[in-house]
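The following dialogue is meant for a reader who meets this structure for the first time.

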Amino acid sequence: MAISFVESSKLPTPWGMFEMHGFSDSGADKEHVVLTMGDLRTPEPVLIRVHSECLTGDALFSLRCDCGAQLQAAMHKIALEGRGAIFYLRQEGRGIGLLNKIRAYHLQDRGADTVEANEQLGFGADMRDYSLLRPMFEHFGIQKVRVMTNNPRKIKALKEQGVEVVERIQHVTGRNPHNQHYLDTKRGKLGHLLNE
């Protein structure tokens, strides 16, 4: 895996001005983005969200998941604090890719849950690789974090990268009638901490 920093630019958003930093992942032939606000090199723990790309939820306003709502809520929380980072990783569909995700959605339309659908397609329940975070954290000099997540696997992955997780901030948002079963499956089968 070879993750390298490419360039930064300003990114004006409804929540304020972020800096957008591009990273190339030559091993997977993908491009990742980190959105930052404020000075991350001060000693205080950095408020972060590790967010895997979800085209359907983030850009197409799908109500099948809570991804778009989670991304927007993270941007809002960081803007309120004036300091933080969102690691936007191109790992669509928990790492199975967009077209396989559509195949998984088709199986879900026929009654499978999100884990069963991935497994029926021959994938694990969650194929994401968080080791690519290490060079990004090193680039920004981040060592201590407060993480907006409900996923204990992300906390474990960050600790394995040598990052000190000072606090886990519950990040429950976007529940609706279309994603209730999806969220219940994340809690029941993937161990997500979704007690509201």
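The questions below concern a predicted model.

User: How many helices and strands are there in the protein chain?
Analyst: The model is predicted. Buried residues make up 47% of the 196 residues in the chain. As for its secondary structure, the chain has 8 helices and 7 strands.

User: Which residues of the largest nonpolar core touch the most other members?
Analyst: The core has 24 residues. The members that touch the most others are Ile48, Phe87 and Phe137.

User: Which element supplies the largest share of this core?
Analyst: The largest share is 4 residues, and the element that supplies them is α6.

User: Which residues does Phe137 touch, not counting residues up to four places away in sequence?
Analyst: Phe137 is among the residues of the largest nonpolar core that touch the most other members. With residues up to four places away set aside, Phe137 touches Ile48, Phe87, Ile142, Val145, Leu158 and Val163.

User: How many residues does the second, separate core have?
Analyst: Met37, Leu71, Met75 and Ile78 are included in this second core. Its number of residues is 12.

User: Is Val147 buried or exposed?
Analyst: Val147 has its place in strand β6. Leaving aside neighbours within four places in sequence, its contacts are Ile48, Ile155, Leu158, Val165, Glu167, Arg168 and Ile169. Because its relative accessibility is 0%, Val147 counts as buried.

User: Within what arc do the buried residues of α7 fall, seen down the helix axis?
Analyst: The buried residues in α7 include Lys154, Ile155, Ala157 and Leu158. They line one face of the helix, because they fall within an arc of 165°.

User: What covers the buried residues of α7, and which exposed residues are carried by the face turned away from its buried side?
Analyst: The cover of the buried residues includes β4, α6, β6 and β7 (164-169). On the face turned away from the buried side, the exposed residues are Lys156, Lys159 and Glu160.

User: Which element gives the most to the lining of the largest pocket?
Analyst: This pocket has a volume of about 260 Å³. Of the 13 residues that line the pocket, the closest to its centre are Leu11, Leu35, Leu71, Met75 and Tyr88. Both β3 (30-37) and α2 (67-81) supply at least two residues of the lining. The most, with 4 residues, comes from α2.

User: How do the residues of the lining of the largest pocket divide into nonpolar, polar and charged?
Analyst: Leu71 and Met75 are among the lining residues closest to the pocket centre. By type, the lining divides into 9 nonpolar, 2 polar and 2 charged residues.

User: What is the phi of Phe61?
Analyst: Phe61 lies in the loop between α1 (55-59) and α2, and counts as exposed because its relative accessibility is 64%. Most residues other than glycine have a negative phi. Phe61 has a positive value, near 65°.

Conventions: Residues are numbered from 1 along each chain as its sequence is written. This is a predicted model: local features need pLDDT of at least 70, side-chain atom pairs count only at pLDDT 80 or more; totals for chains, interfaces and linings use all residues. Side-chain values use heavy atoms; hydrogens and water are left out. A nonpolar core is a set of buried Ala, Val, Leu, Ile, Met, Phe, Trp, Tyr and Cys residues joined through side-chain atoms within 4.5 Å. Buried means under 20% relative accessible area, exposed over 50%, partly exposed in between (1.4 Å probe, protein chains only). Contact means heavy atoms within 4.5 Å. On a 1 Å grid over the protein atoms alone, a cavity is a set of points where a 1.4 Å probe fits but cannot get out, and a pocket is an open set with protein on both sides within 12 Å along at least five of seven lines; lining residues have an atom within 4 Å of a point. Grid points are joined across faces, edges and corners, and a volume is the space filled by probe spheres set on the points. Ala, Val, Leu, Ile, Met, Phe, Trp, Tyr, Cys and Pro count as nonpolar, Asp, Glu, Lys and Arg as charged, and the others, Gly among them, as polar. The arc is that of the directions from the helix axis to the C-beta atoms.
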